[in-house]
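This report covers a two-chain model. Please read it beside the sequence and the coordinates.

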Amino acid sequence: MQELSLNILDIAQNSVRAGADLIRILVDEQPADDTLTIVVEDNGCGMAPEQLEQVTDPFFTSRTTRKVGLGVPLFKMGAQMTGGSFQIESEPGKGTRVRAVFGYSHIDRMPLGDMCETMCSLVGCNPAIDFLYFHTYNGKGFCMDTREFRAVLGDVPLDTPDVIMFIRDYLRENIALLYGGASEDEKLS
Amino acid sequence: MKSLAELQAIRDKMKNKVGLREDSEGATRVVVGMATCGIAAGARPVLAQFTEEISKRGLTNVTVTQTGCIGICQYEPVVEVFEPGKEKVTYVKMTPEKAVRVVNDHLVNSNVVREYTIGANAEE
């Protein structure tokens with residue numbers, strides 16, 4: 001996996017399988033502090049302490065189609081390789097929270113990649129789940145909440161191809177603004 | 001700048017079509033494998049291409065969805081097409097370019113693209 005956004009897509013699949021109906025994803029880029037923090041948090045079935053201990057072991061998986069589970073271990077390795085850190089917390093019946101901090105300027109940090117496509121894939125494939133996406137860069141931030149879209153759409157499902165095309169453009173514009181647009185302070189001066 | 005007003009317009013446009021999808025037991029399902037193996041092999045752009053082509057073509061009785069690892073990781077990205085009353089078709093080692101052809105030939109014109117199927121790609 002060559003982009004952090006692909007890791008995020010992969011980690012969020014665990015939340016989907018945990019039966020969550022709300023998944024929060026945070027990408028916090030702080031070049032000034034030299035950190036990039038990623039949080040994936042869900043309200044799914046959670047894990048018992050014994051299972052939680054095993055999830056970072058590549059030879060553990062709850063699946064039966066194969067014997068390895070590489071998603072979480074790869075993500076953890078990606079963070080630690082950059083001098084960062086990795087935490088996973090979980091409580092049965094409450095949900096799971098994965099947090100990884102990456103060294104922003106570290107040579108081994110994967111590029112963030114296309115978060116827009118990651119979010120579109122998640123929303124489009126899981127129209128029954130709500131997604132909250134926060135992305136901040138250098139103190140500027142933006143938030144996408146599918147519950148807002150749902151309120152406008154009424155009966156029209158989120159996975160309608162035209163809706164996904166809308167969400168794709170919406171994300172692309174807002175993420176581009178984060179990197180390119182002036183901050184509130186800069187606008188004033 | 002995209003605004004929620006635009007979303008409202010989509011809703012109004014789709015409203016009369018929604019019934020079609022809701023009671024569509026007859027809908028075709030395109031299922032993309034999105035486990036670690038699929039994602040690492042390039043499933044995300046394949047999925048995006050399917051969504052885009054289906055939107056472009058205005059195919060209202062096709063849904064695109066995902067599944068986990070089905071155990072044939074060496075063939076990822078894997079895409080399965082389920083059409084009511086027909087046998088499942090499994091496409092392997094997919095790319096966005098192949099996805100366009102599957103939409104045009106298979107979903108629109110009902111011609112299975114044999115050369116992309118698992119049968120045609122099985123290793124000895």
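## Basis

The model is predicted: local features need pLDDT of at least 70, side-chain atom pairs count only at pLDDT 80 or more, and totals for chains, interfaces and linings use all residues. Residues are numbered from 1 along each chain as its sequence is written, while chains are lettered from A and ligands numbered from 1 in the order in which they are written.

Helices (H or I, at least four residues) and strands (E, at least two) are DSSP runs, numbered from the N terminus. Two strands pair if DSSP finds at least two bridges between them. Axes are lines fitted to C-alpha atoms, for helices over the stretch in contact, and angles run from 0 to 180 degrees between N-to-C directions.

## The sheet of chain A

Chain A holds an open sheet of six strands. Its order is 3-4-2-1-5-6, and the pairing is mixed. From one strand to the next, the twist averages 5°.

| Strands of chain A | Sense | Bridges |
|---|---|---|
| Strand 1 (residues 22–30) and strand 2 (residues 35–42) | antiparallel | eight bridges |
| Strand 2 and strand 4 (residues 95–103) | antiparallel | eight bridges |
| Strand 1 and strand 5 (residues 130–137) | parallel | eight bridges |

A:L26 has A:V39 of strand 2 of chain A as its partner. A:V39 in turn stands opposite A:R99 in strand 4 of chain A. For A:E29, the partner in strand 5 of chain A is A:Y137.

Strand 1 and strand 2 of chain A form a hairpin with four residues between the strands. There A:D34 takes a positive phi near 60°.

Helix 4 (residues 115–125) of chain A lies across strand 1, strand 5 and strand 6 of chain A. The helix runs at about 170° to strand 5 of chain A.

## A:G71

A:G71 belongs to helix 3 (residues 71–80) of chain A. Is A:G71 buried or exposed? A:G71 counts as buried because it has 24 C-beta neighbours inside 10 Å. The cut-offs are 20 or more other C-beta atoms within 10 Å for buried, 12 or fewer for exposed, and partly exposed in between, with C-beta atoms placed from the backbone.

Leaving aside neighbours within four places in sequence, A:G71 is in contact with A:D10, A:I11, A:N14 and B:T36. Contact means that the C-beta atoms of two residues, placed from the backbone, lie within 7 Å. A:C45 is 26 residues from A:G71 along the chain, and their C-alpha atoms are separated by 18 Å.

## Chain B

Chain B has five helices and four strands. Along the sequence they follow the pattern α-β-α-α-β-β-β-α-α. The C-alpha trace spans about 55 × 35 × 20 Å along its principal axes. Of the 124 residues in chain B, 35% are buried. Among contacts in chain B between residues at least 6 apart in sequence, 70% join residues at least 24 apart.

The four strands of an open sheet in chain B have the order 2-1-3-4, with mixed pairing. Strand 2 and strand 4 (89–91) of chain B each have a single partner strand, so one side of each is left without a neighbour in the sheet. Neighbouring strands of this sheet are turned by 20° against each other on average, direction ignored.

Strand 1 (residues 28–33) of chain B pairs with strand 2 of chain B in the parallel sense over six bridges. In this pair, B:V32 has B:Q66 as its bridge partner.

## Where the chains meet

How many residues of chain B are in contact with chain A? There are 31, and they touch 33 residues of chain A. Helix 1 (4–22), helix 2 (36–41), helix 3 (43–57) and strand 2 (62–67) of chain B each give two or more residues to this side of chain B. Helix 1 of chain B gives the most, with nine residues.

By class, the side of chain B that touches chain A has 17 nonpolar, nine polar and five charged residues. Ala, Val, Leu, Ile, Met, Phe, Trp, Tyr, Cys and Pro count as nonpolar, Asp, Glu, Lys and Arg as charged, and the others, Gly among them, as polar.

Helix 4 of chain A packs against helix 3 of chain B at an angle of about 65°, with the axes 10 Å apart. The crossing is left-handed: the near helix is turned anticlockwise from the far one by less than a right angle, where clockwise would be right-handed. Helix 4 of chain A contributes A:E117, A:C120, A:S121 and A:G124 to the contact. Helix 3 of chain B contributes B:R44, B:L47, B:A48 and B:T51. This helix contact has three nonpolar, three polar and two charged residues.
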